[in-house]
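Here is a friendly note to read alongside the picture. Keep the sequence and the model open, and look up each residue as you meet it.

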Amino acid sequence: MAIRHPAIASKAAKAAKAARVAKARRHAAEGKNTVVTPASKSYTDPRDVLLKPVVSEKSYALLDENKYTFIVDPRANKTQIKQAVETVWEVKVTGVNTINRQGKRKRTRTGFGQRAATKRAIVTLAEGDRIDIFGGPTS
């Protein structure tokens with residue numbers, strides 16, 4: 001659903017938005033949880049979100065900028081990735097960027113196949129925080 005500028009929105013849209021805002025305020029005052037996470041999107045263990053770190057030249061170059069690259073679950077969103085990194089390594093995450101990478105088409109003797117598609121996350125940590133997943137000193 002596209003969000004229109006308030007000057008362009010119809011009267012019905014303005015009324016619907018006012019009703020949503022009023023309901024959210026009422027629920028906040030009553031202490032109700034208006035956002036319910038479906039069971040399919042919830043993860044019991046944060047290590048289910050983070051599958052493995054990416055070991056490549058590009059990911060090693062990002063370490064100097066305090067950025068770490070992980071292969072993550074394709075269904076995970078940025079908030080879940082941030083919470084998983086913060087709980088597993090006890091660091092402060094300032095930003096998460098995600099990339100959906102399509103699997104490469106590969107040719108074999110018997111025909112063509114395709115590698116699995118992956119989702120990668122580039123996690124930026126707060127100044128002074130580090131993750132020692134690659135070992136050794138960083139510059």
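Is R130 buried, partly exposed or exposed? At 42% relative accessibility, R130 counts as partly exposed. Here buried means under 20% relative accessible area, exposed means over 50%, and partly exposed lies in between (1.4 Å probe, protein chains only).

1. **What you are looking at.** This is a predicted model, in which local features need pLDDT of at least 70 and side-chain atom pairs count only at pLDDT 80 or more, while totals for chains, interfaces and linings use all residues. Residues are numbered from 1 along each chain as its sequence is written, and side-chain values use heavy atoms, with hydrogens and water left out.

2. **The overall plan.** The protein chain has 3 helices and 6 strands. Read from the N terminus, the order of its elements is α-β-α-β-α-β-β-β-β. Helices (H or I, at least four residues) and strands (E, at least two) are DSSP runs, numbered from the N terminus.

3. Of the 139 residues in the protein chain, 22% are buried. The chain exposes about 10700 Å², and carbon and sulfur atoms supply 52% of that area. Accessible areas come from the Shrake-Rupley method with a 1.4 Å probe; for residues, only the protein chains shown count as cover.

4. **Contacts across the sequence.** Take the contacts in the protein chain between residues at least 6 apart in sequence: 57% of them join residues at least 24 apart. Contact means heavy atoms within 4.5 Å.

5. **The salt bridges.** The structure holds 3 salt bridges. A salt bridge is a side-chain nitrogen of Lys or Arg within 4 Å of a carboxyl oxygen of Asp or Glu. Side chains of opposite charge can pair when their charged atoms come close. One of the bridges joins R130 and D132, at 2.5 Å from N to O. D132 is exposed, with a relative accessible area of 54%.

6. **Two further pairs.** R75 and D73 meet through their side chains in a salt bridge of 3.1 Å, N to O. R75 is exposed at 59% relative accessible area, whereas D73 counts as buried at 9%. K67 pairs with E65, and their closest N and O atoms are 3.7 Å apart. K67 is partly exposed, with a relative accessible area of 24%, and E65 is partly exposed too, at 48%.

7. **K67 and its other contacts.** Look next at S59, which lies in helix α2 (residues 57-62). At 3% relative accessibility, S59 counts as buried. Not counting residues up to four places away in sequence, S59 touches V54, K67 and T69. Now find I122 in strand β6 (residues 118-125). Leaving aside neighbours within four places in sequence, the contacts of I122 include K67 and T69, along with L62, Y68 and V96.

8. **A patch of positive charge.** Which residues gather in a patch of positive charge on the surface? They are K58, R101, K104, K106 and R115. Patches are made of residues with over 30% relative accessible area and no salt bridge; like charges are joined within 9 Å, and nonpolar side chains (Val, Leu, Ile, Met, Phe, Trp, Tyr) within 5 Å. Lys and Arg count as positive and Asp and Glu as negative, while His and the chain ends are not counted. The place of a charge is taken as NZ of Lys, CZ of Arg, CG of Asp or CD of Glu. R101 lies in strand β3 (residues 93-101) and is partly exposed, with a relative accessible area of 39%.

9. N66 sits in the loop between α2 and β2 (67-72). Phi of N66 is near 65°, a positive value in a residue other than glycine, and N66 is buried at 14% relative accessible area. E90, in the loop between α3 (78-89) and β3, has a positive phi of about 55° although it is not a glycine. E90 counts as exposed at 70% relative accessibility.

10. D45 is placed in the loop between α1 (11-30) and β1 (50-53). D45 is partly exposed, with a relative accessible area of 29%. The C-alpha atoms of D45 and A84 are separated by 8.3 Å, and these residues are 39 apart along the chain.
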